[in-house]
Amino acid sequence: MWFVDLDLRPELFPILRHAQFEDLLNHNFADPVSSLLHAIRPDDLLHCRVEITVRPASRPRCHAAAQAVKLLDRDFFRRHHRLAAYFARNITRGRARWLAWCLGRMAGNTPSPSHTALETSTSRLHEREEDLQAAADKIGGHLFEARVRLIAAAPPDRRIEAHDRLRSMAGAFGAFTRSRLATFHATATRQGRPRRHGPAFLLSHEELATLWHPPTASAAAERMKTIELTELEGPAVIQSEKEKGTVVLGRVRFRGDDRAASLALEDRRRHVYVVGKTGRGQYCSARYSR
């Protein structure tokens, strides 16, 4: 078994979200889950999986992230872009957090700009969304600490193929990112059963819904089967459960309709087809013969 952990840097900025995969001109949706499903396609001797662990972010971490985004809007970081990038990567976690904290103190003593991007309405259409607007939109929502681990299990003689598949899986996550915002970075490939947790990074509820969701109609992957689920309305007339001799079989639950599905005494004297799991036939026979 080989595994790779993914880390999102800088976590203050978001990954691409659902609306940014929509083509409004052609009215279609390029589902990024397609590339991920293709990368984890099953093989006879090679099995891959993606583990995503999510828990609500702690209040101190959310507060630190919100304060960091406000500091990025100061004149100091607007004039020193490299220092701003270093601050964004290390302020919430990492060994260099103390140095990023010092940079934040320096930025806090500079005035705020007269026109701030944090108070401007955002637009997520491709390049029209500013970086600080994207960060403020992410930090302002519900935040979660997420961990992503990629695992490949195969016989020892297929080690190279397992490593290639892990690289393909890590590359599939690149479809969710943009270079000027947050990007996924893979750790070194390790062998054995994973014991320690990987790095935790912040994701909003909208990012989580984009990162993993049931495949849409446009998603195509090998060996993936789809079944259409048809929701049918219950019959207009159903025997009342209060009448004498009526047996309740179940309930009709269709949107706002919630009624008992019953079998009348007159119908029980005719042919009846009852479906149930093994071992329930004797019980049904005794109940309907009363």
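Leaving aside neighbours within four places in sequence, Phe173 is in contact with Leu6, Leu36, Val50, Val148, Leu150, Phe184 and Leu211, a contact being heavy atoms within 4.5 Å. Phe173 and Phe184 are among the residues with the most contacts inside the largest nonpolar core, as are Leu12, Leu72, Phe77 and Phe87. This core has 50 residues; a nonpolar core is a set of buried Ala, Val, Leu, Ile, Met, Phe, Trp, Tyr and Cys residues joined through side-chain atoms within 4.5 Å. Buried denotes under 20% relative accessible area, exposed over 50%, and partly exposed in between, with a 1.4 Å probe and protein chains only.

The model is predicted, with local features needing pLDDT of at least 70 and side-chain atom pairs counted only at pLDDT 80 or more, whereas totals for chains, interfaces and linings use all residues. Residues are numbered from 1 along each chain as its sequence is written, and side-chain values use heavy atoms, with hydrogens and water left out.

The protein has ten helices and ten strands, taken as DSSP runs (helices H or I, at least four residues; strands E, at least two) and numbered from the N terminus. Of its 290 residues, 38% are buried. Among contacts with a separation of 6 or more, 75% are between residues 24 or more positions apart.

In helix H4 (residues 81-90), the buried residues are Ala84, Phe87, Ala88 and Asn90; the elements covering them include H2, H3 and H5. In helix H6 (residues 131-139), Leu132, Gln133, Ala134, Ala135, Lys138 and Ile139 are buried. These H6 residues pack against strands S1 (2-9), S5 (143-153) and S8 (201-204), and against helices H2 (59-72), H3 (75-79) and H8 (205-211).

The largest pocket holds about 460 Å³ of space. Its lining comprises 20 residues, of which Phe13, Ala84, Ala85, Asp131 and Arg180 are the closest to its centre. H3, H4, H6 and strand S6 (183-186) each give two or more residues to this lining, and H4 gives the most, with five residues. Pockets were found on a 1 Å grid over the protein atoms alone, as open sets of points where a 1.4 Å probe fits, with protein on both sides within 12 Å along at least five of seven lines; lining residues have an atom within 4 Å of a point. Grid points are joined across faces, edges and corners, and the volume is the space filled by probe spheres set on the points.

Thr110, in the loop between helix H5 (97-108) and H6, counts as buried because its relative accessibility is 15%. A polar atom of the Thr110 side chain lies 2.6 Å from the backbone oxygen of Ala107. Beyond neighbours within four places in sequence, Thr110 is in contact with Arg74, Asp75 and Phe76. Ser58, in the loop between strand S4 (47-56) and H2, has 35% relative accessibility and therefore counts as partly exposed. The C-alpha atoms of Ser58 and Glu145 are separated by 8.3 Å, although the two residues are 87 apart along the chain.

Strands S9 (residues 247-254) and S10 (residues 257-263) pair in the antiparallel sense over seven bridges, where pairing requires at least two DSSP bridges. Arg251 has Ala260 in S10 as its bridge partner. The two strands form a hairpin with two residues between them, and Arg255 in the turn has a positive phi of about 55°. Pro10 lies in the loop between S1 and strand S2 (22-23), and the peptide bond from Arg9 to Pro10 is cis, with omega near -15°. Most residues other than glycine have a negative phi, and most peptide bonds are trans.

Terms used. Polar contact = N/O pair within 3.5 Å; in protein donor to acceptor, adjacent residues only side chain to side chain.
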